[in-house]
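Subject: The structure for you to look through

Dear colleague,

Here is the structure I promised to pass on to you, and below it you will find what turned up when I went through it. Please keep it open beside you while you read.

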Amino acid sequence: MTNLATAQRAFLLEKAQRRVADARNRFELREAACNVRAPDGTGRFIATPEYDEAFTRMEAAQARLMKLYRETTVAEDLPDELVREVLRARVTHAGAEAWCRRISAIPGGPDLDPDYVKAVILELRMGRRDRVPLGLRLALMEEDEAAAHRRGQGPAN
């Protein structure tokens with residue numbers, strides 16, 4: 001991937017992230033409006049069509065963003081925060097064991113421990129790590145190069 005392609009993909013992902021944030025804010029506003037307090041002090045939740053629509057839009061925006069993350073090619077110049085989200089999306093989508101099997105099936109691919117991958121994903125999700133470990137970043141790059149080779153596109157760069 002060239003610097004221009006990386007910048008375009010980063011812009012596209014940022015736009016999708018903004019859509020998810022907007023949809024989440026709209027959902028939270030609708031959710032708060034659905035909580036009704038009765039005169040006796042008890043509370044009830046009454047779903048409205050606006051609430052259902054906001055929920056559907058939020059889920060659709062999140063699904064589109066996760067699909068974009070999974071389709072993003074990992075190159076050396078991709079920012080760390082995007083590599084982190086790509087790794088999380090791919091492992092979440094396939095499952096740690098299946099993703100590790102797919103990486104090890106690549107000729108020359110590393111043998112990854114699924115428990116290690118799960119631990120890294122948990123740490124990334126909880127914010128304990130800022131960067132994806134180099135071995136996993138290289139595994140993502142090898143996965144993308146193998147996919148490009150299968151499609152007949154040659155190396156990603």
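Glu28 is partly exposed, because its relative accessible area is 42%, a value that falls between the limits of 20% for buried and 50% for exposed. This residue is found in helix H1, and although Glu28 and Phe55 are 27 residues apart along the chain, their C-alpha atoms are separated by 9.0 Å. Please bear in mind, here and in everything that follows, that this is a predicted model.

A second residue to look at is Ala47, whose place is in the loop between S2 and H2, and which counts as partly exposed at 46% relative accessibility. Which residues does Ala47 contact, once its neighbours within four places in sequence are left aside? They are Cys34 and Asp52. Ala47 can also be compared with Ala33, which is 14 residues away in sequence, with a distance of 9.2 Å from C-alpha to C-alpha.

Along its principal axes, the C-alpha trace spans about 70 × 35 × 25 Å. Of the 157 residues, 34% count as buried, and the accessible surface comes to about 9800 Å², with 52% of it belonging to carbon and sulfur atoms. If you take the contacts with a separation of 6 or more, 60% of them are made by residues 24 or more positions apart. As for charge, the protein carries 26 positive and 25 negative side chains, and the centres of these two sets lie 4 Å apart.

Helix H2 covers residues 49–71, and its 23 residues should span 33 Å at 1.5 Å a residue, which agrees with the 33 Å between its end C-alpha atoms. Its buried residues are Tyr51, Ala54, Met58, Ala61, Leu65, Leu68 and Tyr69. The buried residues of H2 pack against helix H1 (3–34), strand S2 (43–45) and H3.

Helix H6 (residues 134–151) has 18 residues, and the 26 Å from its first C-alpha to its last is close to the 26 Å expected. Among its buried residues are Leu136, Leu140, Met141 and Ala147, and the charged residues Arg137, Glu143 and Asp144 are also in that group. What do the buried residues of H6 pack against? Their partners are helix H3 (80–94), helix H4 (96–104) and helix H5 (114–126). After H6 comes Gly152, which has a positive phi, near 80°.

Arg137, which lies in helix H6, deserves a look of its own. Is this residue buried or exposed? At 11% relative accessibility, Arg137 counts as buried, since the cut-off is under 20%. Leaving aside neighbours within four places in sequence, Arg137 is in contact with Val74, Ala75, Glu76, Leu78, Asp80, Val83 and Val132.

Conventions: Residues are numbered from 1 along each chain as its sequence is written. Side-chain values use heavy atoms; hydrogens and water are left out. Buried means under 20% relative accessible area, exposed over 50%, partly exposed in between (1.4 Å probe, protein chains only). Contact means heavy atoms within 4.5 Å. Accessible areas come from the Shrake-Rupley method with a 1.4 Å probe; for residues, only the protein chains shown count as cover. The place of a charge is taken as NZ of Lys, CZ of Arg, CG of Asp or CD of Glu. Helices (H or I, at least four residues) and strands (E, at least two) are DSSP runs, numbered from the N terminus. The expected span of a helix is 1.5 Å times one less than its number of residues.
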